[in-house]
Amino acid sequence: YGPLVEAVVGQYARYCGRVAPDDTPALLARYERFVFLPTEVDTYSRTTVEAYVAGCKLTINGNVGAAYWIKEEPQAIHEGAARFWKVVEGAING
């Protein structure tokens with residue numbers, strides 16, 4: 001969806017449309033490469049992390065905030081939920 005959909009369809013890329021969250025890992029696992037080149041800073045692209053975990057090679061630029069975690073702390077990706085709830089618990093309990 002969006003004004004650039006036609007620009008994505010071609011020999012080397014395919015626009016897949018909206019994908020249900022539960023179907024995203026299986027869809028990404030079918031592809032070799034994930035391309036995400038945002039023109040604005042993206043603080044944490046969940047789809048980029050999902051593609052990384054699915055085994056896709058990433059073509060990303062310096063605007064992808066998730067790149068830090070993938071490069072510097074990849075183990076944290078798998079610990080994300082536990083880390084999040086620990087911070088929430090700490091905030092609640094003071």
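Trainee: Is Ala51 buried or exposed?

Mentor: This is a predicted model, in which local features need pLDDT of at least 70, side-chain atom pairs count only at pLDDT 80 or more, and totals for chains, interfaces and linings use all residues. Residues are numbered from 1 along each chain as its sequence is written, and side-chain values use heavy atoms, with hydrogens and water left out. Buried means under 20% relative accessible area, exposed over 50%, and partly exposed in between, with a 1.4 Å probe and protein chains only. Ala51 has a relative accessible area of 0%, so Ala51 is buried.

Trainee: What is the average pLDDT of the protein, and which element has the lowest mean?

Mentor: pLDDT is the predictor's confidence in each residue, from 0 to 100. The protein averages 86, and 86% of the residues score at least 70. Where pLDDT is low, the predicted coordinates should not be read in detail. Strand 2 (residues 57-60) has the highest mean among the elements, 96, and the lowest, 60, belongs to helix 1 (residues 5-8).

Trainee: In what order do the elements run from the N terminus on?

Mentor: Helices (H or I, at least four residues) and strands (E, at least two) are DSSP runs, numbered from the N terminus. The protein has five helices and two strands. Their order is α-α-β-α-β-α-α.

Trainee: Which residues of helix 3 are buried, and why are they on the same side?

Mentor: Helix 3 spans residues 46-53, and its buried residues are Thr48, Val49 and Ala51. They cover an arc of only 160° around the axis, which puts them on the same side of helix 3; the arc is that of the directions from the helix axis to the C-beta atoms. The cover over these buried residues includes helix 2 (24-29), strand 1 (33-36), strand 2, helix 4 (66-72) and helix 5 (74-93). The residues asked for are Thr48, Val49 and Ala51.

Trainee: Which residues does Thr48 contact, leaving aside neighbours within four places in sequence?

Mentor: Thr48 counts as buried because its relative accessibility is 0%. Contact means heavy atoms within 4.5 Å. With the neighbours within four places left aside, the contacts of Thr48 are Phe34, Phe36, Leu58, Ile60, Val64 and Ile70.

Trainee: Which residues does Ala51 touch, not counting residues up to four places away?

Mentor: Ala51 also lies in helix 3. Not counting residues up to four places away, Ala51 touches Leu28, Phe34, Cys56 and Leu58.

Trainee: How far apart in space are Cys56 and Tyr31, C-alpha to C-alpha?

Mentor: Cys56 sits in the loop between helix 3 and strand 2 and counts as buried at 6% relative accessibility. Leaving aside neighbours within four places, Cys56 contacts Leu28, Tyr31, Glu32, Arg33, Phe34 and Ala51. Tyr31 is 25 residues from Cys56 in sequence, and the C-alpha distance is 6.5 Å.

Trainee: Why is the pair of Phe34 and Phe36 tilted?

Mentor: The structure holds three aromatic pairs. Rings of Phe, Tyr and Trp (its six-membered ring) pair if their centres lie within 6.5 Å; planes under 30 degrees apart count as stacked, over 60 as edge-to-face and the rest as tilted. The centres of Phe34 and Phe36 are 6.4 Å apart and the planes are at 40°, so the pair is tilted.

Trainee: What kind of aromatic pair do Phe84 and Trp85 form?

Mentor: Their ring centres are 4.8 Å apart, with 80° between the planes. Phe84 is partly exposed at 46% relative accessibility, while Trp85 is exposed at 55%. The pair is edge-to-face.

Trainee: Which residues make up the largest nonpolar core?

Mentor: A nonpolar core is a set of buried Ala, Val, Leu, Ile, Met, Phe, Trp, Tyr and Cys residues joined through side-chain atoms within 4.5 Å. In soluble globular proteins, nonpolar side chains tend to be buried together. One member here, Ala66, touches Thr43, Tyr44, Ser45 and Val49, not counting residues up to four places away. The largest core has five residues: Val49, Val64, Ala66, Ile70 and Ile77.
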